[in-house]
Amino acid sequence: MDVSRRLQELLDQRGWTMYKLAKEADLSWSTVRNIFKRNTDPTISTLEIMCNTLGISLSQFFDVDGQGGLTAEQRRMLDMWATLSERERAAVMEMIELLLAHK
């Protein structure tokens, strides 16, 4: 798998730049730039940070065909989740926890 190509697909889906990814992931610009411009593979820990920042898991990163055992509804939720800010994600999690507490 071409890691930089997959990362670029994910950035394009979100309308993000390499710089935004570096900033949001709290990674150095040179680290992110090298992955894309020099096609160097990131360490697993760096890739995991990038995936978390993009709102996906490592398994989802490598699940290119989207058949990772998720329903269409679950994939849609994850796609929407990936567009939220950390603050918005926290609010959604709080709302879900409240809904589950009142079952």
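Guide: D26 counts as exposed, with 70% relative accessibility (exposed is over 50% relative accessible area, buried under 20%, partly exposed in between, with a 1.4 Å probe and protein chains only). This is a predicted model, where local features need pLDDT of at least 70 and side-chain atom pairs count only at pLDDT 80 or more, while totals for chains, interfaces and linings use all residues. Numbering runs from 1 along each chain as its sequence is written, and side-chain values use heavy atoms, leaving out hydrogens and water.

Back to D26: you'll find it in the loop between helix 2 and helix 3 (29-37) (helices are DSSP runs of H or I, at least four residues, numbered from the N terminus). Its phi is positive, about 60°, even though D26 isn't a glycine. N39 has a positive phi too, near 55°, and is likewise a residue other than glycine. That one sits in the loop between helix 3 and helix 4, and at 45% relative accessibility N39 counts as partly exposed.

Now for the second largest pocket, which holds about 240 Å³ of space. Helix 2 (18-25) turns up again here: along with helix 4 (44-54) and helix 7 (86-101), it supplies at least two residues of the lining. Among the lining residues are R14, W16, K20, E24, N52, T53, L84 and R89. Sort the lining by type and you get five charged, four polar and two nonpolar residues (Asp, Glu, Lys and Arg count as charged; Ala, Val, Leu, Ile, Met, Phe, Trp, Tyr, Cys and Pro as nonpolar; the others, Gly among them, as polar). A pocket here is an open set of points on a 1 Å grid over the protein atoms alone, where a 1.4 Å probe fits, with protein on both sides within 12 Å along at least five of seven lines; lining residues have an atom within 4 Å of a point. Its volume is the space filled by probe spheres set on the points.
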